Amino acid sequence: MKDLLKSLNPAQQEAVKNLRGPVLILAGAGSGKTKTLTTRIAYIIQQGRAHASEILAVTFTNKAAGEMRDRVKKLLSVKSDRQFFISTFHSLCVRILRQEMEHLGRPTTFTILDTDEQLTAIKQALKELNIDSTRYAPGAVLNYISSAKNEMIGPEQYTKLSQGSFQQIVARVYPRYQELLHQNNSVDFDDLLLLTVQLFNQEPKVLDRYQKLFKYVMVDEYQDTNAAQYQLTRLLSDKHHNLFVVGDDWQCLVPGSLIEAQNGKKKIENVAKGELVRSASGYGKTGYFKVLNRKKFSYNGEIISIRTAAGCVMTCTPNHLLFSRLGISDSYFVYLMYSQNMGYRIGTAKGTRFDGKKHDTGLRVRANQERAERMWIIKICDSRAEAMYTEALFAYKYGIPMLVFHAYGNRSMQLNQDQINMLYQEIDTKSRANQLMTDLGLTFHYPHFSPQATTRNDIKRISLNVALFGDKRVTQQSPWSASRISSVTTDPKDLMFFEKLGYKIRAGRADTYRTEIHNLDYGKIEQVLSRLQENLGDVQINKYAFLTDKKFSFMPASQIHPSMIIPIVKNGLVTEDRVIKVTKKIYSGVVYDLDVDKVHNYVASGLVVHNSIYSWRGANYRNILNFNRDYPAAKVIKLEENYRSTQNILDAAGAVIAGNVNRSQKKLWTNQGAGEPLSIINVPTEQYEGAFIIEEIDRQRQLHPELTLNDFVALYRTNAQSRALEEAFLKRGVPYRVVGGVRFYDRKEIKDVLAYLRVIANPQDEISLQRIINVPARGIGEKGWEGLREFAAKEQKKLSEILDIIPVGGKAKAALTELSKVMSQARSWKKNLSGLFDLVINKTGYLTFLNDKTIEGETRIENVKELKSVVEKYDYLEINLALQTFLEEVSLIQDTDSYNADSEAVTLMTLHSAKGLEFDSVFIAGMEENLFPHSRSLLNVEELEEERRLCYVGITRAKRKVYLLHATQRLIYGKQYLGAPSRFLEDIPVELTTTGIDELKPTSAATDKPLPAIKVKTGDMVEHAHFGVGSVIRVSDDEVVVLFGKLGVKRLAKGLAPLKKLAASKH
């Protein structure tokens, strides 16, 4: 028997072998989740726990489902996958509804509408209801209806819930749209899920049959499930409870943490939404504030316990934000120091220095001497000898220098500054320091010390000071201190964005300018901060809180050390206490956090802690976050080892996704090594963007000859961005494929033929009939069509079945009679599907209609013929089943299914289409505010979090190299835009990146340096470096249009395409 577990790591083995009860897998990008899922399916079958047909595995794309089936076949060494239930949610629902739809009083021969056909139905509903489609866009109406269906909200309930004028319009259209679908015996994609859930809820016997069938249910990307998918999953797994899902979670304080509520102390798990809890309110005072939310999450990992001298003990996850400051200390600090120019070094400093007048922290003195920008404490030691030992230990263990950044005249040093600079240039301190920070739980954005100077190492940056309770004043109506964002600069232009937000800039001291933003709700301050970070570029943020009259820094629990000062509450007042002990241990269970109104902190086990969740973020905590609530006995397993990407790529992606509330703090790691830094490239325009990508692909292929064009992908946020990229590839003649653009099945001629086949399969499908009733022309215009529908309604007959008796005159009568005859022949066809296909395209005159003697006409005919090659795959089935199956599977095809790695070409695709794919090198174009993240996400936190997830997905598609490009100016949607760099670029630690295009600067692509102009005419034969031999079909001043056989028509720039004219053909 084949050992299926041999190639798995311990966490993957644990996931595969857990075969009883619910299991939640927290899997990071590239951590082998597909391998784990497929191995688990094979293992269940191998162990005799279930047959292949008794295991349901659901994913989100047909491509992913196909890959899973192939992997399971190989693992089990079987040839057929026909018994496997491995599919998408939609395919599963189609399969069920084809068998069971009659239980809902509807025929099983329903048609699945595509987006265009849905829009046709929406437009018809708008017209019937006398609603202006120019004012209320049909696409927007359809999106609202789709969202409602995904939340399992029907037309009647939507009418009750609708708010605002647009939703009220949707509430009118929704029921009429559903009536039109019902009349046409049609469903849309969202109905497939909705109707299946409805079926199971209405028919317990049907549900019981499927529950008995599926002994094991597995769901990939569980965090992406909507309400309907969630319900479906739960219904199907309710009998055996063997549910296995892959997703993510979040974390905070452990159960038992004591919260001081107004009605007495209680454990955090017993605190209810709406209760009043004690919180710091500024400058030593406390008050009672309302709990807006209490969140419960699953967690499996390290937790930290902090004990103070007064006996307070608080236990939380390492990421939970506390407050701390450095007190007067005789100890010695071993620190990690960072400078943007130099990198990282390790050193020691006295905890506190006294200059005869005042005490000062040793970190501040060192930072000023070294011109450092950030410092973290590695360890606080009792003696100098211990500090020197610890310094040497970490320096040698991680390979990080102890050498100072700067040689000053008053130091007796043998090295000069040039030599020091060379040493730090030669050593990759960034990746080594990153490993140290990962191991010790240090966070780049929360240093123990950071100078507030606005200029450091000749690099000017805007500094934002964010102060919880920054304004000491209080009122009777609001007896807590307001919070504040402030900034000071010598150049008022630095603060222009504050003015745009409506905040005043005023003159400060010593020729400076300042601005301040105050708000009684610290959550609002965080919102403003988020907007400022989006627009201000390189911003240094200093976060602190005046919990007493002293300033406390925001600090993750993982960075709290003994001897640090933290705030505690004693007799209702905030005071200070010294940390005497910090311990760590492994914990598996639930954790909690509170969102407290206005002040966003609370007292837990005597300590003042920051709350890590914000209701204003609008996050929907369900499905994955409620998994432990729904399944209390669930086993939680983390897959944290990454097999795809380098550590730098993982860390960069992790830094981006860290901005989301709904994330697990798991740390992805890999054995691939640190790898190359990510390249952040600023280009002047979108033309330079495409040119750079092409040149860099060429450069990388010269450096790495083993790479092919298939190893590169250019990702972008919107389809509109592909235009400029495609033009760049066309100019250079570099082969490319677009995934997520115009699909084969979206082409007009393909949609026409499919509409004919749909009408044959489903006589009630008037939407498809409307599409082809006048294609080819039969004398039926819009008014004529309305007349046909009225006649059919009057006769109470299906329109497609009475075409030959409709009272129309002349040409239209003859044409409709002929069409009726073809339909009748087709419905009585007994041979195979490809024969039926030929009958339709020939007898209807459609093929003749396409043959207009132009190249475009020939291409359309070729496309129809290509469709027949798909149809032929179903010839082994009985004709009715073949037609039904073909139409279903065409409807379910998605963009990523058109991806084909066999032909060599650079892939261009949207970030949405990239999930599940991997490439050696990834270019993400358009990393600009309002583009990525998209402008519509900026005021909706849920959507902004989805943008971050997209960025995470894009970065982690890369195995070796990532390029992040942003243009200073971009032409898109017909307008020129000035682009600010995306906030996601700010999220990535600078030590993981390189910037600029000095070493990578494109040459001929960017400058459009011309090749010798080729002189050709229509009919000449030419040879292209990538496309091969072709025939010139059109020539203009700057373009040559060539037909390259099976590759089709290519438009090439005369002065740029690598074309060679061939000798004249002999006729």
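**View 1. Helix H19 is mostly covered in this predicted model.** Of the 11 residues of H19, 10 are buried. The buried positions are Gln647, Asn648, Ile649, Leu650, Asp651, Ala652, Ala653, Ala655, Val656 and Ile657.

**View 2. Seven strands form an open sheet with parallel pairing.** The strand order is S36-S37-S35-S38-S39-S34-S42. Strand S36 (736-739) and strand S42 (993-995) are the edge strands, and each pairs on one side only. From one strand to the next, the twist averages 20 degrees. Helix H19 (residues 647-657) packs on this sheet and touches S34 and strand S39 (958-967). The direction of H19 makes about 50 degrees with that of S39. Helix H20 (residues 686-703) lies across S34, strand S35 (712-716), strand S37 (906-910), strand S38 (919-924) and S39. H20 runs at about 155 degrees to S39.

**View 3. Strand S34 runs parallel to S42.** S34 spans residues 678-683 and is joined to S42 by three bridges. Ile680 stands opposite Thr995 in S42.

**View 4. Three strands form an open sheet with antiparallel pairing.** The order is S15-S14-S18. Strand S15 (343-350) and strand S18 (374-381) each have a single partner strand, so one side of each is left without a neighbour in the sheet. The twist averages 25 degrees from one strand to the next. Seven bridges connect strand S14 (residues 332-339) with S18, and the two run antiparallel. Met337 has Met375 in S18 as its bridge partner. Helix H12 (residues 362-370) lies across S14, S15 and S18, at about 35 degrees to S14. Helix H13 (residues 384-398) also lies across S14, S15 and S18, and runs at about 170 degrees to S15.

**View 5. Strand S13 is covered on both faces.** S13 comprises residues 321-324. Leu321 and Phe323 are buried on one side, and Leu322 and Ser324 are buried on the other. S13 and strand S26 (residues 552-556) run antiparallel and are joined by four bridges. Ser324 stands opposite Ser553 in S26.

**View 6. S2, helix H3 and S3 make a right-handed β-α-β unit.** Helix H3 covers residues 62-76. Strand S2 (residues 55-59) and strand S3 (residues 85-88) run parallel, with four bridges between them. Leu56 has Phe85 in S3 as its bridge partner.

**View 7. Lys33 belongs to an annotated binding site.** The UniProt annotation "binding site", from an unreviewed entry, covers Ala27, Gly28, Ala29, Gly30, Ser31, Gly32, Lys33 and Thr34. Lys33 lies in helix H2 (residues 33-46). The relative accessible area of Lys33 is 19%, under the 20% cut-off, and Lys33 therefore counts as buried.

**View 8. The largest nonpolar core has 72 residues.** Leu547 and Tyr602 have the most contacts inside this core. Strand S28 (residues 573-596) gives the most to the core, with six residues. A second, separate core has 48 residues, among them Leu769, Leu803, Leu816 and Val864.

Methods:
Residues are numbered from 1 along each chain as its sequence is written. This is a predicted model: local features need pLDDT of at least 70, side-chain atom pairs count only at pLDDT 80 or more; totals for chains, interfaces and linings use all residues. Side-chain values use heavy atoms; hydrogens and water are left out. Two strands pair if DSSP finds at least two bridges between them. Axes are lines fitted to C-alpha atoms, for helices over the stretch in contact, and angles run from 0 to 180 degrees between N-to-C directions. Contact means heavy atoms within 4.5 Å. UniProt positions are given in the numbering used here, feature names are shortened, and annotations may be inferred rather than shown by experiment. Buried means under 20% relative accessible area, exposed over 50%, partly exposed in between (1.4 Å probe, protein chains only). A nonpolar core is a set of buried Ala, Val, Leu, Ile, Met, Phe, Trp, Tyr and Cys residues joined through side-chain atoms within 4.5 Å. A crossover is right-handed if, with the strands pointing away from the viewer, the path from the first strand over the helix to the second runs clockwise.
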